[in-house]
Amino acid sequence: MSEGRIAFVGLGEAASAFISGWGGARAGAIRAWDIKTASPETAAVIANRAEGLGVTACTSAAEALAGADLVFSTVTADQAVAAAQTCAPHLAPGALWCDLNSCAPASKQRAEGIVTAAGGRYLDVAVMAPVHPKRNLVPCLISGPQAESVAPMLTALPMQVRVVGETVGRASSIKLVRSIMVKGMEALTAECVLAAVAAGVEDEVFPSLKDGHPGIDVPARAAYNFERSLVHGARRAAEMDEAAQMLSDIGLPGDMSTATARWQRVLSSDGVELPEGAVPDHVWFARAYLRRFQDS
């Protein structure tokens, strides 16, 4: 299989990173559709983004997917199955649907059923790191019946992929289990820093933590985590909802994942705006959030 014509469903950060990484020569042959084009408040944002990337912005899924051999679904975790349902009737026979969304394995399997019933082929893709700065070369795990056969084609795009099995959901399981720890540590760090600054004990707490855990720079990590949560908290919360669903599906409690999702939504809520320039330090973020909590 050659990559043929490429389409993107969803034109957010992930799609933009992959497309810009491939460069203008490939972007000119890519079509993209984002549900935000249907809203007057966000249509211009999507149109401007597409123009900046050099891709063709489409007003419908049918227009974007017409004749596409390779389709990347880069929506949000909670919209992945809905995107498959909307787009499946417009897939060309044998088109490969690459589902990059951070979903529970059961969600990926539902999407697979929808795509294959429509005559398409399905690939579970787990993006294992932030898409910047590596963009299209961010490490990705792939799984499913198509994984071995399509890996060389994706590598040639180029992408950095590694096959982890023939079962749809295995790649996503690896990512979500990892996210329990990674996103959970982010939530724990945020709560610790907010409490330390609010209580006025940060000068004692942070050195003490560094003594006990010398590999963890809590203030530096907190500043990065606050910025990520402020910008991407809603998406990260949706991912942790999927982690909680995965845990429920395998018979385990998901209290930590559920709490992490709740924290991400709190941290991403309106009321704190980033200043121009460099990312502020942990104290700036803590005080900004504390003001918001105290005013609410």
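Which helix gives the most to the lining of the largest pocket? In this predicted model, local features need pLDDT of at least 70 and side-chain atom pairs count only at pLDDT 80 or more, whereas totals for chains, interfaces and linings use all residues. Residues are numbered from 1 along each chain as its sequence is written, and side-chain values use heavy atoms, with hydrogens and water left out.

The largest pocket has a volume of about 1,200 Å³. Among the 40 residues that line this pocket, Glu13, Ala14, Val75, Thr76 and Arg235 are the closest to its centre. A pocket is an open set of points on a 1 Å grid over the protein atoms alone, where a 1.4 Å probe fits, with protein on both sides within 12 Å along at least five of seven lines; lining residues have an atom within 4 Å of a point. Volume is the space filled by probe spheres set on the points, which are joined across faces, edges and corners. At least two lining residues come from each of α1 (13-22), α3 (43-53), α5 (80-87), α8 (170-199) and α10 (218-249). Helix α8 gives the most, with six residues. Helices are DSSP runs (H or I, at least four residues), numbered from the N terminus.

The second largest pocket holds about 160 Å³ of space. Its lining consists of Met185, Leu188, Thr189, Cys192, Leu209, His213, Ile216 and Val218. Here too α8 gives the most, with four residues.

Buried residues (under 20% relative accessible area, 1.4 Å probe, protein chains only) make up 47% of the 296 residues in the protein chain. The C-alpha trace spans about 60 × 45 × 30 Å along its principal axes.

Notes
Buried means under 20% relative accessible area, exposed over 50%, partly exposed in between (1.4 Å probe, protein chains only).
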